[in-house]
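Q: Could you walk me through this structure step by step? I am new to reading models like this one.

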Amino acid sequence: MIRYLVRRLLYAIPTLVGVLVLTFVIFFGIYSPEQLARQNIAVKNPTPKQINTWLKERGYDKPRKELFKEQFTHLAILDFGKSDRSKEDIWDRIRKGAGPSAEIAGMALITSLVVAMTFAMGLAYFRGTYLDRLGTLLTVLLLSVPYVVYVLGMQFLLGKLLKYGPIAGFERGFASWRFVFIPVLVGLIAGIGGSVRLYRTFLLEEMNQDYVRTARAKGVKEGGVLFKHVFKNAMIPVITTTVASLPVLILGSVIVESTFNIPGIGNYLVDAVNKQDFAIVRAMVYLGTLLTIVGFILTDVLYSVVDPRVRLE
Amino acid sequence: MHPTIFLRPWPAVRSCLLALSATLALVGCGNAPYPAEKERSKVRIVGGANITSFDPTVSYNAGDGPLIALVYPSFYRYKWLKRNPYELELNFGAAMPTVEKLKPAKPGDAAERWTYRFRKDLRFQDDPCFPGGKGRAVTAADVLYSFKRMIDPVNECPIASYLADKVVGWDADSKRFETAKAKAYEAPLAGVRVDPKDPYALQIDLNQPYPQLNYLMAMAFTTPQASEAMAKYGKDDYGLHHPVGSGTFMMRDYVANDHIDLVRNPAAPIERYPTEADPNLTHLLGDAGKRVPFIDEVYLPIMTEAVTTYNLFQQGYLDSLSIAAGNAQIVPASQGLTQDMKARGMTLNKNVELNIDYLAFNMTDPTFGGYTPEKRKLRQAISLAINSQEYIDVIAQGMGQPAQWIVPPGLAGYDPVYKNPYRQFDPKLEKAKRLLAEAGYPDGVDAKTGDRLVLTYDNYATTATARQIVRLYQKQIQRLGIDVRLNSSEYATFNSRINKRQVQFFNFGWLADYPDAENFAFLLYGPNAAPGPNGCLYDNPEYNKLFEKMRGMKDGPEREAIIARMRDVSVEDCPWIYVDYPESRSLIQPWVKNSNYSPLANDATKYVDLDPAMRVRLQGEWNQAKLWPILVLLGVGVAAVLPAVAVVRNRRGRRVRKENA
C-alpha cells in the first residue's frame, strides 16, 4: 500500500506542474501583467510610470522566466502571497472563509447522503412496483432542473415568500444554523435526484449478486437481506464517490455562497473573478487541483479499507 | 429505513412529528439576517462590493467615496441640499482661503499663493497608533502629509496629474520620492508648506490661476492623515482595515464579502443639520440646525447579487436601495413605485448624476477622422442615427435623459434649451442619409470605390447588459448601410487600445470629479490627447484656446459665453456622439428620514435619521412565516407512505398464503 501511495503521489507531481504551467500561461501569457495593472489601477488613465510602480510593487515587473520560477516555487510550497487588488493575505482569507464553506457543504453532503440513501433503499425495496417507477420518474425530474434554478427558486420560495429563514448573511458560532438552513436544503434537493438514482443502481447491482441469492435461500427475510447484506456492500461505491467530493467541501459552493451572501471561499472566488484579482484565482485553481488529487488518492485508499478484495499494489 | 415501518407506521409518524416540530421551531426563529440586539440606531445600506481601498490618497471608487467621506473630513464639503448650482461650504476649514498674487521671475515659478486655515478643534479618532491610544489634535502638518502622499508616485494618487503642472515644484518633488523615499517625507515640498506663523494654515503655491483647487480641497485626497497610523499599520492595512480619521464616524469592523461597520466617532467635532435647501428640497429641512449624526452606526452588508439585495430590501432588512444600470431590470421601480411599494409607505428618489455616456470617433483615423467638411458630415450622419431615447427606454429603464453636449445638467455651462442639431433623432433618418451621401457614402457605400463603409467599434462589453447596449448602437448605425464590426475586449485591453490610439470608434463614460464644466470640457482639449483623457484625439486650435481661457475663470456670464462657443465648435466637428446623462433612483423605507442622494455630498449619510420602533414593527408584519405549506408537505408525506404500507402488507399476505398452502 505504501508503495502504491508513493507512486500515486509521484504521479501527482506532473499533474501539478502541468496545472502550474497552464495557469502561468493563462494569467501571464494570454493576459499580460500590464493589462492586469491597467485593470486594477484606480486612475482613469494610468500613466506608464503608474503601471510600472504597480507591477514592481507586486513583483510582476520581472522577466517572464524569472516570474515563472518565482510563481512556481511560491505556489508549490502553498505560499499564495497577497491579493493583487486589496493586498490582503490570501491564506488568511481562505482560513476565514473555510468555516462557513465547510459548514454548508459538509451539512449538505451528510444530509443528502442520509436522505438519498434512505430513498434509494426504499426504491430498491419496492423495485418493480409502481412506487419504484414513480420514484424513478421523480428523481429524473429533480435531476433535470439546472442547479441555479434550485438556488434562486428556493431562495425565492423558502426565503422570500414563505419566510422560513434569512435569504442572505451569516453568523459564526451556534447561530449559524439559521443561515445555513436554506442553503443546505438547496444542496440537498438539488443533489438528491442524481444521488438516489446512483445509489439505487448500486443497491440493485448488489441485489443480483450470488451471496444475496444464498441469503434468501437460507431464509433471510427481504428486509434483512437489504440491511444486513446489500447495504454494507453497496456503501463501498457510495463512500468513494462521497470522498471524491472533498474539494467541494473545502472550496465551497460558488453559486450558493454568492446568492445567499455567505462569506465563504466560493464567494471569495466569485468576487476575485469579478474583480479580475488573478493572484486569488491562481491560488484557488492550484488549491482546487491539489484537493482533487488528494480526494482521488483518498478514494483509492478507502476502497482498499472498506473492500478487502481490493489490494493497492 | 427498515421495511417494518410500512407495517408499523406509528414510529415513523412520530419521527415525522419530531421533524415537523424541529422545522416549526426553526421557522419560528424568523428570517432576520441580523442579531436582534443590534437593531437600534443603525442604518443599513447595501455595500455593493468589498472595499477597494479606504486610503484617502488612493481610493477613486464611487462605492468607497461615501464611506471615506464619513471618516475623513475635507476642508470643504458640498452643501447637501443645494444642487442648482452645487455649492461648497467649510467643513474642517476655519475660513475661506486667501489668495496672494505673486510675481513669477520665470514660467513655472509661483504666481499665486493660496492659504487654507483649518479648525483648531479637530482631533484624530482614538487609536493604538497614538501614544496611550488617545487621538491627538489635527494640524496643517497632517494635511501637508497628505500632499506628500499624493506626490509620492508609489501611491498612484488619481488626482496627482491635476496638480502636477500647477503646484510649484511638484514634478521635481515627485522624482525625489522615487529616489530617496525615507528622507523625502522629512524634507519640505517646494510648493506646499505649513504657514510658518500658523500651525493650522497650509500654503500652496501655484504657477497659474487654478480656481478648481477649491474643488480638490473638497475631495478626500486632501484630508488630514496621521503619519503615526501609516507607521503602525503600513500602507496596505491602513488602506483596508485601519483607517484613522477625524470625521463623524470611524471604522469598527470590515470583513470582506460580509460587512463594513462604521460607528460614531466620540472625538468628532459638533456638526449641524443643513439650514439651506433648493426649493424642491425644503421638505428635508425639518431637522435644520439640529446636531448630527442622529444614528450611531452605519452598517453595510456586502452583497453582489442584485436579486438577493432586492429581496432583502423588500423584507425590510435594508433601509434603502439604489437602482442603477446593474439592477434596473430586476427592481421594478425605475419608472415609479409599484402598488405594493406605495402600500408599504416606501418612497422613491430620482437622482441626477454628474455623468455622461458617449460614443467617440478617433479623429486621426483616415476614414472617420479629420476636419474636412466631408469628414464632419460623415460623423454628423452617424450621430443622427443614434437614438438615445431607445437606449434610455429599453436598457436604462427610463433612467437618463438624452445628452446634447458634454456638460451635464447641474453645472454652469449647461444650457437646458440648447438642441444639438446632430442629436435630433428622426426615425426616417432623412437628414442623416443626406449628410452621408454628401460625405461621399450614399447608402453607406463609397461612391468612388463601390465598397461598403466599415466601422470598427471597440467596446468593453463583458456583461449581458453591456452587450445589449453595444448591439443596440450597432443596429442603429447599420440602418445607414454602414457595416459595424464589433471588437469587444475586457476593460484593460480596451483602455490600452485607446491609449495607444488603435481604435476607430468606441463608447465610454465620464463621471465628474467636481462640479465644473472644465472637468468635462478637458476631455476634448487637444494637449490632453491619449494616453491622456482625450481618447478621441480631438484637436481644434480654437477649442483649445477657448478652453485655456475658461479654465482659469470663475463661473459667470463671460465664462458661459466661452463655453457656448466651445460647444458650437465641437458640435460642428462632431468628435463625440453625446448619448445620455445617466440617472439613478433610490428606494427608501418608510422608517428612514432625511435620505436624499447627492452626487457630490458624499457625507450625506450623517444626516439620516431612523424610527427604530417602526422598523421593528414593520419588519415583523412583513415577515410572518407561512406555516400551512409545511402541513401540506406533511400530508403529502403521509399520503406517500400509505401506498407503501399497502405494498408491504400485500407482499406479506402473499408470503403467508404461500406458507399456508
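Q: Which residue stands opposite B:Val263 in E12(B)?
A: The residue opposite B:Val263 in E12(B) is B:Glu297. Please keep in mind throughout that this is a predicted model.

Q: And how do those two strands pair, E9(B) and E12(B)?
A: E9(B) and strand E12 of chain B, which covers residues 297–301, pair in the antiparallel sense, and the pairing runs over five bridges.

Q: Which sheet do they belong to?
A: They belong to an open sheet of four strands in chain B, whose order is E1-E12-E9-E8 and whose pairing is mixed. Strand E1 (42–44) and E8 of chain B are at the edges with a single partner strand each, so one side of each has no neighbour in the sheet. On average, neighbouring strands in this sheet are turned by 20° against each other, with direction ignored.

Q: What about E8(B) and E9(B), how many bridges do they share?
A: Strand E8 (residues 249–255) and strand E9 (residues 259–264) of chain B share six bridges, and they pair in the antiparallel sense. Here B:Met250 is the residue that stands opposite B:Val263 in E9(B), and B:Val263 also stands opposite B:Glu297 in E12(B).

Q: Which residue in the hairpin of E8(B) and E9(B) takes a positive phi?
A: That residue is B:Asn257, with a phi near 65°, in a hairpin that has three residues between the strands.

Q: OK, new topic. What is the order of the open sheet with antiparallel pairing?
A: That sheet, also in chain B and also of four strands, has the order E4-E5-E7-E6. Its edge strands are E4 (93–101) and E6 (192–194) of chain B, each of which pairs on one side only. The twist from one strand to the next averages 20°.

Q: Is E7(B) enclosed or open to the outside, and why?
A: Five of the six residues of E7(B) are buried, so this strand is largely enclosed by the rest of the structure.

Q: How many bridges does E7(B) make with E5(B)?
A: E5(B) and E7(B) are joined in the antiparallel sense over six bridges, and one of the pairs is B:Thr115 with its bridge partner B:Gln203 in E7(B).

Q: And over how many bridges do E6(B) and E7(B) pair?
A: E6(B) and strand E7 of chain B, residues 201–206, pair over three bridges, again in the antiparallel sense. B:Val192 stands opposite B:Ile204 in E7(B), while B:Arg193 stands opposite B:Gln203.

Q: Which helix lies across E5, E6 and E7?
A: Helix H3 of chain B, residues 140–151, lies across those three strands of chain B, and the helix runs at about 160° to E6(B).

Q: Let me zoom out. How many helices and strands are in chain B?
A: Chain B has 20 helices and 22 strands, and its C-alpha atoms fill a box of roughly 120 × 80 × 50 Å, taken along the principal axes. Of its 661 residues, 44% are buried. If you take the contacts in chain B with a separation of 6 or more, 71% of them are between residues 24 or more positions apart.

Q: Which residues touch the most other members of the largest nonpolar core?
A: They are A:Ala120, B:Ala381, B:Ile406 and B:Ala521, in a core of 235 residues. Leaving aside residues up to four places away in sequence, A:Ala120 touches A:Val196, A:Tyr199, A:Arg200 and A:Leu203.

Q: Now chain A: at what angle do H7(A) and H8(A) cross?
A: The axes of helix H7 (residues 147–161) and helix H8 (residues 176–207) of chain A cross at roughly 135° and come within 10 Å. That angle is why H7(A) counts as oblique to H8(A). The crossing of H7(A) and H8(A) is right-handed. Among the residues that meet there are A:Tyr147 and A:Met154 in H7(A), and A:Ile182 and A:Ile189 in H8(A).

Q: Last one: how many residues does the contact take from chain B and from chain A?
A: The contact takes 52 residues from chain B and 49 residues from chain A. On the side of chain B that touches chain A, the elements giving two or more residues are helix H1 (10–28), helix H9 (306–314), helix H15 (491–499) and helix H20 (628–660) of chain B. H15(B) gives the most to that side, with six residues.

Note on methods. Residues are numbered from 1 along each chain as its sequence is written. Chains are lettered from A and ligands numbered from 1 in the order in which they are written. This is a predicted model: local features need pLDDT of at least 70, side-chain atom pairs count only at pLDDT 80 or more; totals for chains, interfaces and linings use all residues. Two strands pair if DSSP finds at least two bridges between them. Axes are lines fitted to C-alpha atoms, for helices over the stretch in contact, and angles run from 0 to 180 degrees between N-to-C directions. Two residues are in contact if their C-beta atoms, placed from the backbone, lie within 7 Å. A nonpolar core is a set of buried Ala, Val, Leu, Ile, Met, Phe, Trp, Tyr and Cys residues joined through C-beta atoms within 7 Å. A residue is buried if 20 or more other C-beta atoms lie within 10 Å of its own, exposed if 12 or fewer, and partly exposed in between; C-beta atoms are placed from the backbone. Angles under 35 degrees count as roughly parallel, over 145 as roughly antiparallel, 65 to 115 as roughly perpendicular and the rest as oblique. A crossing is left-handed if the near helix is turned anticlockwise from the far one by less than a right angle, and right-handed if clockwise.
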